[in-house]
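Please look at the sequence and the three-dimensional structure below. The paragraphs that follow move from the strands to the helices.

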Amino acid sequence: MTAESGTHTGVEHPVSSRTPELVLCAVDEPLARAWLSVLDKVDGSIRVHRGSVLDVVAQGIVSPANSFGWMRGGIDAVYARAYPGVEQSVRSAVLALHGGELPIGEALIVPTGETVPAWLFSAPTMRQPGEKLPPDTVNPYLAARAVFLKWRDGRLEQGIRVRTVVDTIAMPGLGTGVGGVAPETCARQVAAAWEEVFAH
């Protein structure tokens, strides 16, 4: 067994004393307003960008995916066009690491093939592509929490900590497009996930 499995003695790696910069992106005004409404409720380097995720200078971008890694609709289709090969990378990682289905509440990270952003966090907000989410869904919270935990605790294949290569994460609405989640619901849940992972 490896030290990574937690069998070694001594102190586990500490929770990072810093957080990533989080850029909450919105191409429409309702989501922008919802993002702005939660900024004063969270601590950390968080800002709102009115415009596309692709316009933000960030090392990591978030894909509010489905559990099977298909990137054919919404912002995922935009990513697939911008970063040829990223869908195959996501699907291959889902198959290799999760047996073909990445559960909601988990996230993985794959290279985009570009210098900036170099990394894509795939965090499902729905199991099936095109799924309409119920009004009481907690999937945006689960997806955001998975991304933040992957940043804080995750490692790349080479053993490099994710948080050493990703300083800024650009995040679109989670489930607010195809999933039909209300912008206010998404914003509250992302803020709650941030606080759970990074509040000391």
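Five bridges join strand β1 to strand β2 (residues 46–50), and these two strands run parallel. Two strands are said to pair if DSSP finds at least two bridges between them.

The model is predicted: local features need pLDDT of at least 70 and side-chain atom pairs count only at pLDDT 80 or more, while totals for chains, interfaces and linings use all residues. Residues are numbered from 1 along each chain as its sequence is written, and side-chain values use heavy atoms, with hydrogens and water left out.

Strand β1 also pairs with strand β6 (residues 168–171): four bridges join them, and they run parallel. Here the bridge partner of Glu21 is Thr168 in β6. Why is β1 largely enclosed by the rest of the structure? Five of the six residues of β1 (residues 21–26) are buried, so the strand is largely enclosed; buried means under 20% relative accessible area, with a 1.4 Å probe and protein chains only.

Six strands form an open sheet in the order β2-β1-β6-β3-β5-β4, with mixed pairing. Its edge strands are β2 and β4 (108–111), each of which pairs on one side only. β4 and strand β5 (residues 119–122) pair in the antiparallel sense over four bridges, and Pro111 stands opposite Trp119 in β5.

Two packed helices are described by the angle between their axes and the distance between the axes. The axes of helix α1 (residues 29–38) and helix α6 (residues 183–198) come within 8 Å and cross at roughly 35 degrees. Such axes are lines fitted to C-alpha atoms, for helices over the stretch in contact, and angles run from 0 to 180 degrees between N-to-C directions. The residues in contact (heavy atoms within 4.5 Å) include Leu31 and Trp35 of α1 and Ala187 and Val190 of α6.

Methods. Buried means under 20% relative accessible area, exposed over 50%, partly exposed in between (1.4 Å probe, protein chains only).
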